[in-house]
Amino acid sequence: MTDETRPTEGRTPSDYPEPQGRPDFLPADDSPDQAGRLPEPPASFGTSWGDPSGRPSSGVPPYGGPATGAPTFTSPAFGSPSSYESPSHGHEGSGPSFGASNDSGSSFGSPSYETTGPSYGSGPTYGSGPSYGSGPSYGSGSPSYGGGPDNGTRTYESPLFGGLSPSGPTGGNTPPPPPPPRQALPLGAGWAPPPPGADVGTSGGRRGPSTAVLVSTAVAIALVASLLGSVGTYLLTKPSSGNDPGYSLPLPTGGAANREPGSVAGVAARVLPSVVSIEAGTTTEGATGSGFLIKNGYVVTNNHVVALAAKGGEIRIMFNNRKTTPAKIVGRDPGSDLAVIKPEETFGTPEITLGNSDQVVVGDPVIAIGSPLGLTGTVTTGIVSSLNRPVIAGDETGAGTEEPAYISAIQTDAAINPGNSGGPLVNGKGEVVGVNSAIATLGRSVNSQSGSIGLGFAIPVNQTRRVAEELITTGKAKRPRIGIVLDKDYKGQGVKIASSPSGGRQPVDANGPADKAGLKAGDVILEIDGLALQDGNELIALIRSKAPGAKITIKYQRSGQERTATLTVVADDEPTPTPS
């Protein structure tokens, strides 16, 4: 198709209608011998410049020129002269184009060059073919050789190849046309056909895209197809509700962790089955606590946990396996705050192991187990914070129906809360060393109770063992004593024996342990078994923790002189509201 029937597509006519000068060919390391002398052509063009076909000039320039009847060109072959200043591949009019041509006769990235004149001979039209490197574009109008119009060589104002001027074949000083290059392709009728492999077609000699373009196009198509396939797969498999039905997390590959028997987990696993939760009370009030199973199916707990049941209430026990059963009171001792009950069923629950509280030292790790606030099977840990801590549990004013309990307690920082009472305090071997009984609080009102602040107290297990045996065998516990009455108003060091009778009793019981050891009214007891006494409550708690028949060493002071004595603890058959 011609330029008259196709859109311009951005193509503009040359701003310089005059024929462009022909650039000179020079080797990379050579230059013209002298100014004004035409350099020698390449070897392929013979020995001098002339018509590429080798034919003499006939008056009509076959390769361009402004002669009448010659073909017209819509634009210069490689842009206007100004475009030679900086060739840029791929922009219109910016320089020669390298590669295959498009269907309009232009090389890729350069303007379309197509003649409006006739084709030569019966061969293909070479006006729409590719540009061959930096050589001439045959039939394209005005070929350009190498560099711009003025790269240090002469500029030829005459038509390229010595084409004819409008007035004659040679025109003045125009150099003679160069001879055709060796092995040049023939043009025109009667010439030999193109060599094998030449792109000869019936549609104007149009060539297809190069291999590089085909490969690039194939790769681009493959990438786009892959992207579209991935997007399509995602859209087809994407859950509509945001959920992923096939989602799963990997399962752990390791086996169960091996826990040492002496670890907290190992101890808890052995002790928890023996710990029970207790509910006791009447139809109007109730209490909750904990306990633990000992030999022959008995359960040890605190007296204050089951005291309401002694007034006509009921007791119900829940074991660690969540099975429940009723229970009844076997015996209780308000003075030590201990009690023993017997459940109707034990459901195969194992008994707990009792340890030795005399071997406990400060800093030993301990574990408290119970049902704080009704949370059964709770395990807390801590250490032994102190020993022989005097604690009074209950109503110490004497206004209540039961006497207060004096406890020489094991202090611990393991968390103990309401509901832990009666539960075991165990050592690192899982042996019971104490019975959790009391906690210290910062304040308490009638309707509320404070929780643990890290000050918990447990009854030593050696005292618990003795009291439980006595409650199971006789239904009551013996009261250890040394036979003295204390002076409650004394504020000095140690504990002072009363100087005069009080409440119908003499300061020292006749033939009692203190009388036999030589103690008299008004003596001040400073130490018991090497432990300095701070007040009378501590002395009472220490005596209550001893078993009847136990011997103790006392250091006392009389008339400013210190003396020592050995006493044997005895027990009263009937508990009394005041210590003795």
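How far apart should the end C-alpha atoms of helix α4 be at 1.5 Å a residue, and how far apart are they? The legends below begin with this helix.

**Figure 1. Helix α4, residues 461-474, in a predicted model.** At 1.5 Å a residue, the 14 residues of α4 should span 20 Å, and the end C-alpha atoms are 19 Å apart, which agrees. The expected span is 1.5 Å times one less than the number of residues in the helix. Helices (H or I, at least four residues) and strands (E, at least two) are DSSP runs, numbered from the N terminus. Residues are numbered from 1 along each chain as its sequence is written, and side-chain values use heavy atoms, with hydrogens and water left out. Because the model is predicted, local features need pLDDT of at least 70 and side-chain atom pairs count only at pLDDT 80 or more, whereas totals for chains, interfaces and linings use all residues. V461, Q463, T464, R466, V467, A468, E470 and L471 are the buried residues of α4; buried means under 20% relative accessible area, exposed over 50%, and partly exposed in between (1.4 Å probe, protein chains only). After α4 comes G475, with a positive phi near 85°.

**Figure 2. The six-stranded barrel.** The strands close in the order β7-β8-β9-β12-β11-β10, with antiparallel pairing. From one strand to the next, the twist averages 50°. Two strands pair if DSSP finds at least two bridges between them. Axes are lines fitted to C-alpha atoms, for helices over the stretch in contact, and angles run from 0 to 180 degrees between N-to-C directions.

**Figure 3. Strand β9 and its two neighbours.** β9 (residues 405-412) is joined to β12 (residues 456-460) by three bridges, and the two run antiparallel. Within this pair, Q411 has F457 of β12 as its bridge partner. Seven bridges join β9 to β8, again in the antiparallel sense. A393 stands opposite A405 of β9. Eight of the eight residues of β9 are buried, so the strand is largely enclosed by the rest of the structure. In a regular strand the side chains alternate between the two faces of the sheet. Here both faces are covered: A405, I407, A409 and Q411 are buried on one side, and Y406, S408, I410 and T412 on the other.

Figure 4. Contact means heavy atoms within 4.5 Å.

**Figure 5. Helix α2 and the strands it packs against.** In α2 (residues 264-271), the buried residues are G266, V267, A268 and V271. These buried residues pack against β1 (275-281), β7, β8 and β10 (424-426).

**Figure 6. The hairpins of β1, β2 and β3.** β1 and β2 (residues 286-293) pair in the antiparallel sense over seven bridges, and a hairpin of four residues joins them. Within this pair, I278 has G289 of β2 as its bridge partner. β2 and β3 (residues 299-302) run antiparallel and are joined by two bridges. F292 is partnered by V300 of β3. Five residues lie between β2 and β3 in their hairpin, and N296 in the turn has a positive phi of about 65°.

**Figure 7. Positive phi at L373 and N388.** Most residues other than glycine have a negative phi. L373, in the loop between β7 (365-370) and β8, has a positive phi of about 55°. L373 is exposed, with a relative accessible area of 66%. N388 lies in strand β8 and has a positive phi near 55°. N388 is partly exposed, at a relative accessible area of 36%.
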